[in-house]
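Please read them alongside the coordinates.

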Amino acid sequence: MKVLYLVFSHDHQPQLARLALAIRRLSPDAEIAVHHDPQVAPLDPGLFSPAWRVHVVPEPVRGEWGDFSLVEQYLHAFRWSTQHLQFDWVVTLTGLSYPIRPLRDFEAMLAASGVDGFVYHFDADDLGHWPPGTATTRFQFRYVKLPKFRYWHRVPAPLRTVLQRSRVWLNAHQPFVRIAPRPRGLKTLFGIRRFPVPGAAGLKLQGGRQMLNITRDALLHLIRFVDDNPRYQSWMRSSLIPDESFFTTILANAPELKIANDVQRFIKWPREAHASSVAVITADEIPQVLQSDAPFALKLDTRVDARALELLDAHLRPHMVPIPGAEAQT
């Protein structure tokens with residue numbers, strides 16, 4: 001059985017190379033492919049040694065947090081992979097993921113699992129996962145980007161507070177529009193209520209993570225569904241943070257697929273509830289990480305704590321095979 005490890009990255013290329021090498025040393029026969037968003041910087045053509053056998057997905061898609069472009073990145077890489085690579089399972093990773101267990105054990109588990117995928121998902125209306133009204137706000141409005149006000153920082157603080165409170169009040173007290181600010185300096189979104197509310201191609205909406213561990217057959221089902229249901233893609237394109245629902249909704253609703261509800265990742269979340277991004281794992285947390293049965297952890301970042309990866313490399317080294325050029329990276 002062959003696994004494709006499909007990595008999505010956008011920055012910190014030295015750690016991306018380290019991840020690719022770790023996967024190659026832990027799984028000599030696996031396929032490794034990288035979709036690198038060039039928005040921060042184009043991928044260094046000399047980043048990967050030829051001996052590592054890393055495929056680079058051509059014509060990468062530029063992405064933006066919470067935008068449908070993140071879905072398009074995955075679809076582009078999925079289509080390219082099915083056309084150019086042979087594999088039985090695909091495992092999607094971010095560039096700041098890292099293996100924490102021998103990958104041969106993980107791959108043996110996949111082969112013997114009897115399922116078509118491990119995908120974390122939940123009912124979008126489940127209040128145990130998203131705050132009340134989240135599904136309505138995300139999917140029942142059609143969003144467009146508002147022009148960015150360059151001088152917001154010059155607005156007096158008391159007036160900014162009044163405007164922010166007015167936005168919260170407006171969202172809470174009428175059903176027709178939503179104003180959705182976004183982090184990281186991105187443009188605010190303005191949503192208008194859809195009448196009637198479109199259906200998700202007869203599917204029950206799911207939330208989840210854009211981290212997939214699925215068979216090739218499940219991947220082909222996903223691509224066929226997207227091709228056969230352009231209205232589903234159009235509807236999700238104008239929804240809010242569609243990458244957290246687009247793939248999970250399709251896979252969890254497929255009657256011909258057996259999907260286990262498991263992300264297969266150790267994830268460190270910030271203390272604040274409903275955070276938009278995961279937190280960095282530090283060296284003092286590695287003993288806790290290694291107690292997990294998951295094959296990968298995220299996120300690790302050598303710019304924050306390089307020793308965390310050094311500890312993981314030391315733990316995994318007995319399971320790694322020699323690869324030319326490895327000494328320069330470990």
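**Notes on the predicted model**

1. Start with I179. Leaving aside neighbours within four places in sequence, I179 is in contact with R167, L170, N171, T188, L189 and F190. This is a predicted model. I179 is found in strand 9. Is I179 buried or partly exposed? With 23% relative accessibility, I179 counts as partly exposed. The cut-off matters here, because buried means under 20%.

2. One of those contacts deserves a distance. I179 and L189 are ten residues apart along the chain. Their C-alpha atoms are separated by 6.0 Å.

3. Next, the sheet around strand 9. The sheet is open, has three strands and runs in the order 8-10-9. Its pairing is antiparallel. Which strands stand at the edges? Strand 8 (141-145) and strand 9 (177-180) do, each with a single partner strand, so one side of each is left without a neighbour in the sheet. From one strand to the next, the twist averages 20°. In general, strands of a sheet pair through backbone hydrogen bonds, either parallel or antiparallel.

4. Now the pairing of strand 8. How many bridges link strand 8 and strand 10 (residues 189-193)? There are five, in the antiparallel sense. For a specific pair, take V144: its bridge partner in strand 10 is F190.

5. On to H121. H121 is found in strand 7, which covers residues 121-123. H121 has 16% relative accessibility and therefore counts as buried. Its side chain has a polar contact of 3.1 Å with the side chain of Q206. Beyond neighbours within four places in sequence, H121 is in contact with Q206, G207, G208, T248, A252, I259 and N261.

6. Last, a helix pair. The axes of helix 1 (residues 13-26) and helix 10 (residues 302-316) come within 13 Å. They cross at roughly 10°. Angles under 35 degrees count as roughly parallel, and helix 1 and helix 10 are therefore roughly parallel to each other.

7. Which residues meet between these helices? Helix 1 contributes Q15, R18 and L26. Helix 10 contributes T302, L309, E310, D313 and L316. By class, this contact has three nonpolar, two polar and three charged residues.

How values were computed:
Residues are numbered from 1 along each chain as its sequence is written. This is a predicted model: local features need pLDDT of at least 70, side-chain atom pairs count only at pLDDT 80 or more; totals for chains, interfaces and linings use all residues. Side-chain values use heavy atoms; hydrogens and water are left out. Helices (H or I, at least four residues) and strands (E, at least two) are DSSP runs, numbered from the N terminus. Buried means under 20% relative accessible area, exposed over 50%, partly exposed in between (1.4 Å probe, protein chains only). A polar contact is a pair of N or O atoms within 3.5 Å; within protein, one must be able to donate a hydrogen and the other to accept it, and residues adjacent in sequence count only if both atoms are side-chain atoms. Contact means heavy atoms within 4.5 Å. Axes are lines fitted to C-alpha atoms, for helices over the stretch in contact, and angles run from 0 to 180 degrees between N-to-C directions. Angles under 35 degrees count as roughly parallel, over 145 as roughly antiparallel, 65 to 115 as roughly perpendicular and the rest as oblique. Ala, Val, Leu, Ile, Met, Phe, Trp, Tyr, Cys and Pro count as nonpolar, Asp, Glu, Lys and Arg as charged, and the others, Gly among them, as polar. Two strands pair if DSSP finds at least two bridges between them.
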